[in-house]
Amino acid sequence: MAGTDDEPLPDAIDRLVRVGERFGRELRWSADDIRRFADSTGDANPMHHDAAYAASTPIGGLIASGTQTVSAMMGAFASWFTRREDGVVRDALGMGFTFALRAPVRADEPLRIEWEVVAREYRPKHRGFVVTARGTASTPAGVALEAEGTGLVRPPPMETTA
């Protein structure tokens with residue numbers, strides 16, 4: 001079977017993803033960004049909409065919904081594994097994610113998303129790898145979210161002409 005120590009994978013496949021790859025992004029959500037996202041998902045929690053209410057709570061201000069932070073984590077995962085600017089053309093499909101919310105993300109607070117590939121397993125049937133990555137979303141106060149994601153990373157299908 002290709003991909004064993006005795007028979008290496010073709011370079012084009014092997015270059016798709018590596019254990020130890022690290023990726024992420026930095027972002028910051030304004031109060032309006034938080035309200036719009038909460039509205040778009042039907043999240044009516046006043047912690048995402050009402051600045052006066054949110055300020056009166058122990059958190060002390062508007063916070064992003066957990067769904068917003070989770071979405072940013074998944075977006076960074078998908079964007080990394082479908083990038084093209086490094087010259088390696090690949091497709092990716094998310095297969096599953098787990099998330100643990102640890103602390104709030106406040107309006108106008110910097111958020112750093114970081115992922116690291118911790119495992120890859122070649123699947124000949126799919127001509128690609130099932131990849132596992134672990135990640136965090138952190139603010140200056142510490143980790144706000146911990147995550148693990150699994151996806152299929154492979155070369156894109158051959159282009160066909162009709």
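Mentor: Let us begin with Thr69, which touches Trp29, Ala64, Val105, Leu111, Ala137 and Leu145, leaving out residues up to four places away in sequence; contact here means heavy atoms within 4.5 Å. The structure is a predicted model, in which local features need pLDDT of at least 70 and side-chain atom pairs count only at pLDDT 80 or more, whereas totals for chains, interfaces and linings use all residues. Residues are numbered from 1 along each chain as its sequence is written, and side-chain values use heavy atoms, with hydrogens and water left out.

Thr69 belongs to helix H4. Helices (H or I, at least four residues) and strands (E, at least two) are DSSP runs, numbered from the N terminus. With a relative accessible area of 4%, Thr69 is buried; the term buried stands for under 20% relative accessible area, exposed for over 50%, and partly exposed for what lies in between, with a 1.4 Å probe and protein chains only.

Thr67 also lies in helix H4, which covers residues 66–81. Its relative accessibility is 42%, and Thr67 therefore counts as partly exposed. Apart from neighbours within four places in sequence, Thr67 is in contact with Phe37 and Thr41. Phe37 stands 30 residues from Thr67 along the chain, and the C-alpha atoms of the two are separated by 8.9 Å.

The chain has four helices and five strands, arranged along the sequence in the pattern α-β-α-α-α-β-β-β-β. The radius of gyration is 19 Å, well over the 15 Å that the globule rule gives for 162 residues, so the chain is more spread out than a compact globule. That radius is taken over C-alpha atoms, and the rule is 2.2 Å times the number of residues to the power 0.38. Along the principal axes, the C-alpha atoms fill a box of roughly 65 × 40 × 25 Å. Of the contacts between residues at least 6 apart in sequence, 66% join residues at least 24 apart. Buried residues account for 35% of the 162 residues.

The charged side chains complete the picture. The structure holds 15 salt bridges, a salt bridge being a side-chain nitrogen of Lys or Arg within 4 Å of a carboxyl oxygen of Asp or Glu. One of them joins Arg18 to Asp14 at 2.9 Å, N to O. Within this pair, Arg18 is partly exposed, with a relative accessible area of 38%, while Asp14, at 17%, counts as buried. A further bridge links Asp91 and Arg84 at 3.5 Å, N to O; Asp91 is partly exposed at 23%, and Arg84 is partly exposed at 36%. Arg123 and Glu121 meet at 3.3 Å, N to O, with Arg123 partly exposed at 31% and Glu121 partly exposed at 44%.
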